[in-house]
Amino acid sequence: MTTAQFIDFDALRANGGMVHIRSARSTDRDALLALNAAASDRSLYLRFFATNRLAADSYVEVLLEPASQQHHALVAEVDGAVIGVAALDRDSADAAEIGLLICDTHQHEGVGTLLLEHLASVGRRLGVKHFVAEVLTGNGAMARALTDLGFACTAQIDAGVIRYLFALKPTEAMVAAMDSRDQTAELASLRPLLRPASVVVVGAGQRERSVGRQVLGNIVRGGFTGSLYVVNPRHSQVLGVASYPSAAELPATPDLAVIAVPADQVISTVTDCGRRGVGAVLVLTAGFGEYGVQGSAQQDELLTVTRRYSMRLVGPNCLGLLNTDSTVRLNATFAPLSLTAGGLALVSQSGALGIAVLRAAERCGLGVSQFVSVGNKADVSSNDLLTCWERDERTRVIALYLESFGNPRRFARIARRVSRTKPILVIKAGRSEAGRRAGQSHTAAAASSDAVVDALFEQAGVLRMNTMEQLLDTVRALCDQPLPAGPRVAIIGNSGGPAILAADAAAAGGLAVVELSPEVRAELAAAAPSAASTQNPVDLGAGIQPAQVRAAIEVLLNSAEVDSVLVVFTETLVADPAELTAAVSQAAARSDKPIVLTQVGEQARSIPSDGMSRPLPVFAFPEPAAQALASAWRYAQIRSTPHSAVIRPLGLDVEGARRLITEQLGSGQEWLGAGEAAHLLAAYGIVLCPQRVARSLRQALSGAAELGYPVVLKLADGTVHKSDVGGVRTDLVDEASLRAAYQEMVGDRLANVLVQPMVTGGTELIVGGLQDRQFGPVVMVGAGGVFADLMADRRFRLAPLSAQDAEAMIEELRFGKLLDGYRGRPPVSRAALAQLLLRLALLIDDHPEIAEIDLNPVIGRGEELTVVDVKVRVAAAAVRADSAVRGLAPTAFQLRAAKGAELVGQPFPG
C-alpha cells in the first residue's frame, strides 16, 4: 500500500444512523485527543490496560503516522466529530496487531465492527494474513466484536489477557455474519421510509394539477394512519392539512419528507429537513442525474447533504412509494393507485412502468404489500429493498424492474439468500446485441451483457421475466398457490384444442404432462362418465356439469401421480361459467397442490375461492397459465436446492501464478506466450496437452520426434481463429508431411509454432473466462473447436463457482447429450469438466489481471480432458471492490477526493 491509498466512505450503524469512516489524517490530532478526553477511565483501561491518559495521548502520534505497508489508522465520524479509531501495526510479514477505541456514547452501535471490517480489508490489500488482538478478560464487548466478525479465530488466555489470532481471508461464515449486521442496519435506516409514523409534504399547494398537491391528496384519501404535515410558506393549510412556513417550524419531527419543489430549491429544502432531524426524504422532482453533467452535479450535492444528516434518500426523479399495511396506509405517489393489500412487493426504476404494473395488478385482483419507485437510485436501491422485504411478513413475492445494476455482486449475494424463502422476479431492460463486446477471444466475443445478466440471475436464484404480463401471471401463481412438489402436471378441460395448447406450453416450460395410470383413468371415468378422454390432457367434453368437474379435479389432486393441475374451460351454452369456476374453487380448497384455471378468452384475474384463504388464479389463455405453473416449478427447484460453498482444491500455486502475470505485465505484452500460458494453467492444476514451442523447422522436427507422430502444427501467436488464417495443420504423420506443412504455414518468415500430438476421437468443448467491467470475473463453457461460434451453445456464471454452479452450467448445455455418449460417441466425465470449470474460475477470480482466457478446444474422452489450445490476455486491473466490507455508495465528492489515489476497499454503488 502506498501513502496515496486511503479509505473514505459512509456506512450504516446498527441503529440506522450513518457514520463516516476514513483514513486518519495529520489534521486529526485534536479530534483524537478529544476522543481520549471523553473516554471513561474504564474504556481507556480496557483499551490500553492502564488508566494513564498521558500514555493514551502519546499513542495519538502513532495513529497519525502516514499510511504505509506497516501502519494504517481509520477514524469514524458522526456529525463531524470523531467517535472511534482503529489501527493496524504490522509486526511480521503475515501478521499485524490491531487496536480499537470507541466513544462511550456510541458504543453498541456497530461502529467498532465496521472499523474492523474495513481494517481487515486494508490488511488483505497489504498482504497481511492474520490480525492479532490482545484483550483483557473483562472486556466482553471487544471480545464479542472480534468473534462476531465471523473470521476463523483462535484464542489463548495468559495472565488475564486473551490473545486472539484470526485469519483475514473471508469465509462463508464471515460473509453471513456481515450480511446479518447489514440487514439489521438497513432495516433500522429504512424504517422512516417504509413505515413512517409521520410524513411532511414539502411543496404541496393549491394548484390542482401540481405534483405536491396530488401526492398530498393521495395520502389524505388513502387514510394514512400517522401524523401529516405540509410545508408551504404561502398557505396555512392545504386540503385540510396544517401547513407551516418551513421544516424548522413543524410541531414535531417527521419520519419522512416528500419533496415536490422545483429542482433549484431541492437541495436547500432537503438541508432544512436534515437540520430538523427528518429520517428519510423522497424526492419526486426531476432535473438531476438524468439531465446531463449539471444535473449529475446537483444530484451528487443532494446525496452529500442527505449523508451529512443521516437521511436515506429515494430518487430523485421518482414516482414515490406505497405501503398498504393497515397500520400505515400510505400512498405517497402522484398516481391514482389503489391501496389493495396483497403479497407483492415491487421496486421499479421506471415510475411509468411501476404505475402500469400496479394498475394491471389491481385489475386482475392482485394486491401489493409495498411499492417503491427508485428513480435515479442516488441512494436507496433494489439491493436495500430486497434486504428489508426479506423480513417483511406481508411480502410473499418480490418483483423488480431494473435498467441498471449498481453493485451486481451484492445483488447476487442478497438475492441468493432471499430466494431461499421468497421468490424474486425481475424484468431487466436491455437485451439487445448493442451490449456485445468486441473481444479477441471467443469468450469475450460471446459474453454479451445480457448473457452475463442471465448468468447472474441463475446463480442468484432469480426468475427472469420477459414481459410485464408474464411477471404478473407468475406473481399470481406464486402469491395465490402452494409450490408444486414436482414437475408433473395434469391438464383437464372441456375441449381438446385449448388443452393441447396448454400441454405444448407446459412441456416447453419444463413441466411433464404425465401419462396417467389405468387406476387414475378409471377413477376419472367414474367421476365423469361422459368424458371424451381420460388421457392427459383430460377432455371432459363440452356438456360436462359442475359436479362432475369438481369430482374429476379432486381425482387428479388426490393422485400421487400429479403435482399440479391446469384447468382449461371454454364457455359453452351447456354449463354456467360461474358454476364451473365455483366447482374448481371447491376442489382446490381441499388440496395443498397448486391449481390454476384458464377461461379461454375471458379476463385474467384472481378471484376469491370458497373455503380457501387464497384466491384462484384465472387466465385468459392456456399458454400463460402453463408458463406460470412452469415458473412456479422453477422456483420450487431453486428453493429446495441446497446451497453449496466454493471449495478451493489443495495445491494451487497462487503466488507462482501472480509472479508470472506480474512479469508478463512488466514486459508490455498482453498475450501470453505458449510456454507462459502452460505454466499459468499448471499453477492451478489445469494440464495442457504436451507441446513443444519451435522457432525453426529443425526445432519443430525435434519436438515431433519427442512427442511421436502423428502431430499437429500451429502458429503460436495471439491469433484466436487459427484455422481461418491457415494457422493449423493436423494429422502430420511423418517428417516429410511436417516439413511441407511448416513451409506452407511459415515459409521464410520468423514465427513461433507449436507442435502437439494429434488428439482424436473426443468431444470438443470450450472453457473460458474474462473480467467484465461491471460484473467482475465471468466463466464460460460451451461447444468448442470449429463449433464454438457456429452452435453458439454456451453457458456463463460469475466466478468463483460452487460445485452446484459448475454442474448447472454443464446441465444447461443443449449439446449435453454428446457428453453422455450420444450414438456411440465416447462419453465425457461431467465431474471432470466441472472440476476444470472450478479451477479456471478460481484462476480468474484470484487474478483480476487475466482479462481474457480461452481453453479451446478442450477434447473430452471419459475422465480425460485434454486442453489442446490456450489463449491468455493480461492487462492492468482496477482495484476490485471488497465484497467483505459494508458501505454505502460513494458520493461524487468522495470519489473526486480520491482522484490520483486508490479508494481502498470501497464497495461499488448499491
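Strand 27 and strand 29 (residues 616–619) run parallel and are joined by 2 bridges; strands here are DSSP runs of E of at least two residues, numbered from the N terminus, and two strands pair if DSSP finds at least two bridges between them. The bridge partner of Leu 597 in strand 29 is Val 618. The model is predicted, so that local features need pLDDT of at least 70 and side-chain atom pairs count only at pLDDT 80 or more, whereas totals for chains, interfaces and linings use all residues. Residues are numbered from 1 along each chain as its sequence is written, and side-chain values use heavy atoms, with hydrogens and water left out.

Strand 27 also pairs with strand 26 (residues 564–569), in the parallel sense and over 5 bridges. In this pairing, Leu 566 stands opposite Val 596 of strand 27. Strand 27 spans residues 595–599 and is mostly covered, with 5 of its 5 residues buried, that is, under 20% relative accessible area (1.4 Å probe, protein chains only). In a regular strand the side chains alternate between the two faces of the sheet. Ile 595, Leu 597 and Gln 599 point one way from strand 27, while Val 596 and Thr 598 point the other way, and all are buried.

Elsewhere, 7 strands form an open sheet with mixed pairing in the order 17-16-19-18-20-21-22. Its edge strands are strand 17 (330–333) and strand 22 (463–464), each of which pairs on one side only. Strand 16 (residues 320–323) pairs with strand 19 (residues 368–373) in the antiparallel sense over 3 bridges, and Leu 322 stands opposite Phe 371 of strand 19.

Methods
Buried < 20%, exposed > 50% of the residue type's maximum accessible area, 1.4 Å probe, protein only. Helix = DSSP H or I, 4+ residues; strand = E, 2+ residues; numbered from the N terminus.
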